[in-house]
Structure formats: structure tokens, C-alpha cells
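This report describes helix packing and aromatic contacts in one protein structure. Please consult the sequence and the model shown below while reading.

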Amino acid sequence: MTYAKAVADGIWAAGTARVGYIPSVSVAPVVDSLVATDGGTDGVSPRVTPLSREEEAVGVMGAVAFTGELGAVVMQDNGFGNALTALTTFTLSYHLPLLVFANTRGSLGEYNSMIHSISQPVPALLRTVGLPVVELDRRSSAEDWHDTVKEAGVHAVMTYRPVVVLGSFWNTDGKAA
């Protein structure tokens with residue numbers, strides 16, 4: 001099992017009803033696996049939807065909780081600059097479960113020096129505003145990633161709040177997802 005497939009399978013195993021994603025080369029393998037598992041093609045399936053911005057994804061997938069189900073967002077960590085207001089004033093304030101998986105940039109193996117300024121402080125920034133954060137990297141197996149993503153989704157439902165999983169794909173089964 002690849003790490004990307006482990007993330008996708010973990011999202012479904014958490015009982016996620018719908019997934020929104022922000023297109024990115026970095027998360028494309030995760031999205032491809034989500035879509036394939038759900039019977040779709042070309043980035044779209046009955047339960048997987050591309051969205052244009054991170055705050056839109058938080059709004060749309062956060063609203064899935066109003067149907068009594070779990071929504072998930074797949075994005076890149078530099079998108080938290082866009083999503084922070086939606087996460088704190090909507091999902092966190094209204095106690096809405098939401099599973100967010102974001103691949104990390106700006107750490108080991110990062111070639112783009114400009115992305116370090118936003119990506120390095122993301123875990124501390126999210127914790128400062130009260131969002132639970134779990135971090136994964138090459139020290140954990142793909143099976144651990146699956147189980148952690150699944151447990152994060154279950155925790156989001158149990159605690160009625162968003163939970164963020166940050167995954168660094170560097171030096172796993174590829175430098176990117």
C-alpha cells in the first residue's frame with residue numbers, strides 16, 4: 001500500500017460521507033485513490049468534489065455535519081492561510097466535525113524556498129487557535145498513516161470539532177505524495 005492510498009483508505013474508513021479537495025500535484029495521488037475507490041474518474045466521483053479554495057472546502061465540507069455525517073478536506077498546508085478564518089469561525093465555533101488532511105511543505109526535501117515562511121509555522125499556528133493537529137512523516141509506516149487518519153476522523157465526530165492531520169510525504173514511497 002502506498003502512503004497516498006493509505007491516506008485515502010483512512011479517510012473512507014473514518015466513515016467520511018463526502019470529500020472536497022483543492023487540486024494540487026502534491027495531493028493528486030491521494031485524490032486519485034479517493035476517486036478510484038468511489039467509482040469515479042478524472043478527479044470527480046459521487047462523493048469526491050474539487051473545490052477552488054480552502055475556505056470554500058471548509059464551508060462546504062463542514063456543512064456535511066448538518067446532515068449528521070462527516071466531511072473531509074484534502075489540501076496542501078500552505079492553504080491554511082486561506083482556511084483559518086473558516087476553520088475557527090465556522091467549524092470550530094459551531095462544533096462541527098471535519099477531517100482535514102494536508103500534505104506538508106517546507107520541511108526536509110522541500111526545494112521551494114518561498115514556501116517555508118507559511119508552511120513551517122502551520123502546526124503551531126493551528127494549535128494556537130485550538131485545532132487538534134496530528135503530524136505524520138516517514139518514521140511511520142503507511143499502515144500507521146491509514147490508522148491515524150481513520151482515528152482522526154473518528155475523533156472529529158466524537159468531539160464535534162475539526163481535526164487536522166499533517167502528512168509529510170518526503171522520503172516515504174516518493175518525495176511527493
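Axes are lines fitted to C-alpha atoms, for helices over the stretch in contact, and angles run from 0 to 180 degrees between N-to-C directions. Helices (H or I, at least four residues) and strands (E, at least two) are DSSP runs, numbered from the N terminus. The model is predicted: local features need pLDDT of at least 70, side-chain atom pairs count only at pLDDT 80 or more, and totals for chains, interfaces and linings use all residues. Residues are numbered from 1 along each chain as its sequence is written, and side-chain values use heavy atoms, with hydrogens and water left out.

**Helix packing**

Helix α1 (residues 3–13) and helix α7 (residues 142–159) have axes that come within 7 Å and cross at roughly 25°. The two helices are therefore roughly parallel to each other (angles under 35 degrees; over 145 is roughly antiparallel, 65 to 115 roughly perpendicular and the rest oblique). The crossing of α1 past α7 is right-handed, that is, the near helix is turned clockwise from the far one by less than a right angle, anticlockwise being left-handed. Contact means heavy atoms within 4.5 Å; on the α1 side the contact residues include Y3, A6 and V7, and on the α7 side they include W145, H146 and V149.

**Aromatic pairs**

Six aromatic pairs are present in the structure. Rings of Phe, Tyr and Trp (its six-membered ring) pair if their centres lie within 6.5 Å; planes under 30 degrees apart are stacked, over 60 edge-to-face and the rest tilted. Two of the pairs are listed here.

| Pair | Centre distance | Plane angle | Class |
|---|---|---|---|
| F90 and Y94 | 6.4 Å | 50° | tilted |
| F101 and F169 | 6.1 Å | 65° | edge-to-face |

F101 lies in strand β4 (residues 98–103) and F169 in the segment after β6 (162–167), so their pair ties together parts that are 68 residues apart in sequence. Buried means under 20% relative accessible area, exposed over 50% and partly exposed in between (1.4 Å probe, protein chains only). F101 is buried at 1%, and F169 is buried at 3%. F90 is partly exposed at 21%, while Y94 is exposed at 57%. Ring pairs also join Y3, F101, W145 and F169 into a cluster.

**A further residue**

N171 is located in the segment after β6 and is partly exposed, at 41% relative accessible area. Its C-alpha lies 7.9 Å from that of G109, although N171 and G109 are 62 residues apart in sequence.
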